[in-house]
Amino acid sequence: MLSEQVYTHLRDAIMRGDHAPGAALKPQDLAKEQGVSLAVVREALVRVVGDGLADRLPNRGFAVPAYSDRRWQEIAEARRTIEPVLLRMSVERGDVDWEARVRAAHHRLSRTPAYTPEEGEYYSEAWSEAHRLFHRSLMEGCGNRVLLETFDRLWTASELARRWSTHRNPGRDGVEEHRRLEEAALARDADTAVRVLVRHLTLTAEGLTGET
């Protein structure tokens, strides 16, 4: 139970940006901060590493990944390869219930505040979940559970990079990008929907490579 609490605290802190990209995660400091043993902190850190939110560096301890880490671009490449296929399948196969879910998910996303003062400078957990549900609903029309499981894994793996990218590019018009994505999908315009999605994913990846 104690390890679970420390893990949740550490995971949320990284997601909020309390630990900067590339910052060391020192077990001794974390143990003192949380009032727990080193063993408990190390167990929590191993779990965070497993989530892709930290790295275990040989002879150097633990650290938050850097902006420049190659994994983010590899994940982005994987998403640009797989998600357009799922979206095209959804546009071709999705029924009226799928259309209703997409519309409802987009409505929820558009009405959910992206930022709340109590959650710091990164977007809120409520918006994060609404964002996930919108993109997930777009893909669900494909009807292929194996492909959807792949989508889910890639989405989870890219969450930290997505938050960093949004934070580094506050002027990006994500509202318009999502509106265009919903519009093209529900118009059954697969080519446009895929083009908008690829651009959407590319902008997120580029947000980690440019200068702030």
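Hi everyone, let's start inside the protein: among the elements, helix α4 gives the most to the lining of the largest cavity, with five residues. Before going on, this is a predicted model, where local features need pLDDT of at least 70, side-chain atom pairs count only at pLDDT 80 or more, and totals for chains, interfaces and linings use all residues. Residues are numbered from 1 along each chain as its sequence is written, and side-chain values use heavy atoms, with hydrogens and water left out.

Helices here are DSSP runs (H or I, at least four residues), numbered from the N terminus. On a 1 Å grid over the protein atoms alone, a cavity is a set of points where a 1.4 Å probe fits but cannot get out; a pocket is an open set with protein on both sides within 12 Å along at least five of seven lines; and lining residues have an atom within 4 Å of a point. A volume is the space filled by probe spheres set on the points, which are joined across faces, edges and corners.

Back to our cavity. The structure holds one cavity of 30 Å³ or more, and the largest has a volume of about 120 Å³. Its lining includes Trp72, Ile75, Arg79, Ser158 and Leu208. Which elements give two or more residues to that lining? They are α4, α8 (159-168) and α10 (190-206). By class, the lining divides into seven nonpolar, three polar and two charged residues; Ala, Val, Leu, Ile, Met, Phe, Trp, Tyr, Cys and Pro count as nonpolar, Asp, Glu, Lys and Arg as charged, and the others, Gly among them, as polar.

Now α4 and its partner. Helix α4 (residues 70-93) packs with helix α7 (residues 145-157) at an angle of about 145°, their axes 10 Å apart. Those axes are lines fitted to C-alpha atoms over the stretch in contact, and angles run from 0 to 180 degrees between N-to-C directions. Contact (heavy atoms within 4.5 Å) involves, among others, Trp72 and Ile75 of α4 and Phe151 and Trp155 of α7. The residues of this contact divide into 12 nonpolar, one polar and two charged.

The largest holds about 470 Å³ of space, and of its 26 lining residues, the closest to its centre are Trp127, Thr166, Gly174, Val175 and His178. Here α9 gives the most, with four residues.

The second largest pocket has a volume of about 200 Å³. Its lining divides into two nonpolar, two polar and six charged residues, with Arg11, Glu125 and Arg163 among the lining residues.
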